[in-house]
Amino acid sequence: MKILYDNQRGKGFLLSTKRIGSVIGVKPDQIAEYERIHADVWPGVLATLKRANVTKFSIFRYENMLFSYMEYSGSNYEADMAMVAADPVTQDWWKITAPMQNPVSERRESEWRYKLLALLTTTTK
């Protein structure tokens with residue numbers, strides 16, 4: 001997977017931001033519930049993402065497919081994502097959301113979601 005690093009100006013210094021996109025299916029009979037719970041994500045889940053240096057996180061849906069996009073500004077992505085995975089509140093959240101999802105066949109065996117290759121990143125001024 002190719003990782004893109006973009007430079008953005010932040011508080012007087014250049015900050016490296018990693019942009020990550022992924023895709024996963026959502027079960028058709030679970031779409032309404034999935035959207036309902038994501039309209040009010042648990043504060044503990046959001047706090048953990050913030051502690052893990054995730055500065056933006058969005059989920060988009062097209063029919064039975066979910067596309068997620070996040071921006072990461074930390075210096076140790078693997079350690080921060082391990083911290084998210086170890087968080088008890090996030091684990092409880094995943095126990096609710098995971099059964100609503102269908103992993104795509106193209107994903108790696110060790111991944112829940114399929115990470116996408118960034119083809120274009122641009123900044124306009």
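Tutor: A nonpolar core is a set of buried Ala, Val, Leu, Ile, Met, Phe, Trp, Tyr and Cys residues joined through side-chain atoms within 4.5 Å. Buried means under 20% relative accessible area, exposed over 50%, partly exposed in between (1.4 Å probe, protein chains only). The model is predicted: local features need pLDDT of at least 70, side-chain atom pairs count only at pLDDT 80 or more, and totals for chains, interfaces and linings use all residues. Residues are numbered from 1 along each chain as its sequence is written, and side-chain values use heavy atoms, with hydrogens and water left out.

Student: Which residues make up the largest nonpolar core?

Tutor: Ile24, Val26, Ile31, Tyr34, Ile37, Val45, Leu66, Trp93 and Met100.

Student: What makes Glu35 and Arg61 a salt bridge?

Tutor: The term needs a side-chain nitrogen of Lys or Arg within 4 Å of a carboxyl oxygen of Asp or Glu. The side chains of Glu35 and Arg61 meet at 2.5 Å, N to O, so the pair qualifies.

Student: Is Asp87 buried or exposed?

Tutor: Asp87 has 10% relative accessibility, so it counts as buried.

Student: Why is Lys95 called exposed?

Tutor: Lys95 has 60% relative accessibility, so it passes the exposed cut-off.
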